[in-house]
Amino acid sequence: MATDPTQRAYRAPCPGCGAPVEFKSAQSTHAVCGYCQSTVVRSGDVLTRLGKMAELFDDHSPLQLMASGRAKLDGKEQPFTLIGRLQYKTEAGVWTEWVAFLQDGTMASLGEDNGAYVFTRQINPGRELPEASRFRLGATTAINGKSYSVAFSGRAQLLSAQGELPKLPPLGQPFDMVELRSADGEVLSIDYGHTPPNVERGTSVLLEDLQLQGLKDASAKEEKGRQFNCPHCGAPVQVQLSTTKSLTCGSCASLINLDSGVGGELRAAVQDEPVQPIIPLGTKGQLQGVHWQVVGFQHRMGVEPGDDEHFGWSEYLLYNQKRGFAFLVDSEEGWSMVRPTTGAPQLASTGRSATYMGTKYDLKYTYEAETTYVLGEFYWQVSRGQKTSNRDFASSKGLLSLEQSANEITWSSGDKLSSDTVAKAFKLDDKKDVLQRDDTGPFVAKSGMGCGTIILIAVVIIILLILMSRCSSCDPRVENCSSSGYRSSGGSYGGYSSGGGHK
């Protein structure tokens, strides 16, 4: 555990039940008694009971109180211990903030949202911040001279808390939350539940990089599942992931909304025209060195502005307990693997390119997307007919996608995958032909190119020139000059996640 000789722990009996309540940090003002769940506030050496805290939502996190690790802050590794936990909720979902007590006596936050983690510390914004409503989605603003774009602006509320806390907004009372992201991967959150607003800044981290000890045992992390009857057909439906907000019935394929919980009123929407995933739900595989399981599938359609030709693609939602969620995207252009970014790429003033982590990506497609069919479980509230405005970018280093809904902008980045890689990863050698796509890549002239190949290339070029000449001389009054070529999916770059909440 991270300790410092200058810090003096304070312990006093809980005003509610008499059990000991300990404060390890002098900055902590609140705590939740681990025995009776009373919320107590510290004033000097006196503890006062404010009321009883709501029970924690079981998110099956591998983290727990008193887990310890090491974080790299300001270029130096510093030990820390998790001493508190806050659970918040927005329309997009639920996320957790763990209170980290650092060895130097200061506090930090480890944000956990659907398997993604961000380590942040409080900062002084250097100026008086405007009201939350002044931050327009997608707009650019500067904090301490650094440029950020507005990725989220909405309302949040505290669901529950545990342990020792430096802050405690009123339980269940909505407050404004704004999230900013930079082109170099930083995230900055502005919490208007405090006066003045609390501002924290940080970057994404992987659990293995934090060298954590004291995590939950593997047996404690196993999903036990929840079960209920489908409100449409009555068949039993099993929920495997605790973060699930929507899922489909395995019998009638109705889409069921779990926003009110399994015990709440269940709403279902019947889906017709079923689309069968090539990779079955539940399939496990290894991609990019990580073990994944397919937990969700959605089919989407897109159309470019001013065009009436639609194109379609499929997205598989992958899950790993320590890495969270990722998207395996299947389009006519090939397979790709993408994840939501922590930072926000910088769009050029023309909108024709975007820069992220020092790499420039050029715009390839602009289109409107709509979800047309879903299967499995999703960590956001998914529904048929959900629409977003999309832009796809590409560079020699990878793919970049922007999706914008009414109150959130989501960026995703990733790489293309070969069909063989997908088949091998999920042990689907018997489906190699079905999985095969146009795994196109840049043309590279190999040494020792034969004369036959050169002649073939020359013939193809001549044919293309003839076709182009014909198109330019085509008279629409006497013949059909429209193109009949199929437009492959511009949606091959980004998985739609409806945001996913804070951080």
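This chat looks at the nonpolar cores and salt bridges of a predicted model.

Student: Before we start, what counts in this model?
Tutor: It is predicted, so local features need pLDDT of at least 70 and side-chain atom pairs count only at pLDDT 80 or more, while totals for chains, interfaces and linings use all residues. Residues are numbered from 1 along each chain as its sequence is written, and side-chain values use heavy atoms, without hydrogens and water.

Student: Which residues touch the most other members of the largest nonpolar core?
Tutor: I279, L287, Y316, L318, L328, W335 and F426, out of 23 residues. A nonpolar core here is a set of buried Ala, Val, Leu, Ile, Met, Phe, Trp, Tyr and Cys residues joined through side-chain atoms within 4.5 Å. Buried means under 20% relative accessible area, exposed over 50%, and partly exposed in between (1.4 Å probe, protein chains only).

Student: And what does I279 touch?
Tutor: Leaving out residues up to four places away in sequence, its contacts include V294, Y316, W335 and F426; contact means heavy atoms within 4.5 Å.

Student: Switching to charges, how many salt bridges are there?
Tutor: The count is 10, taking a side-chain nitrogen of Lys or Arg within 4 Å of a carboxyl oxygen of Asp or Glu.

Student: Which residues form a network with them?
Tutor: D184 is linked with K146 and E186 in a network of salt bridges.
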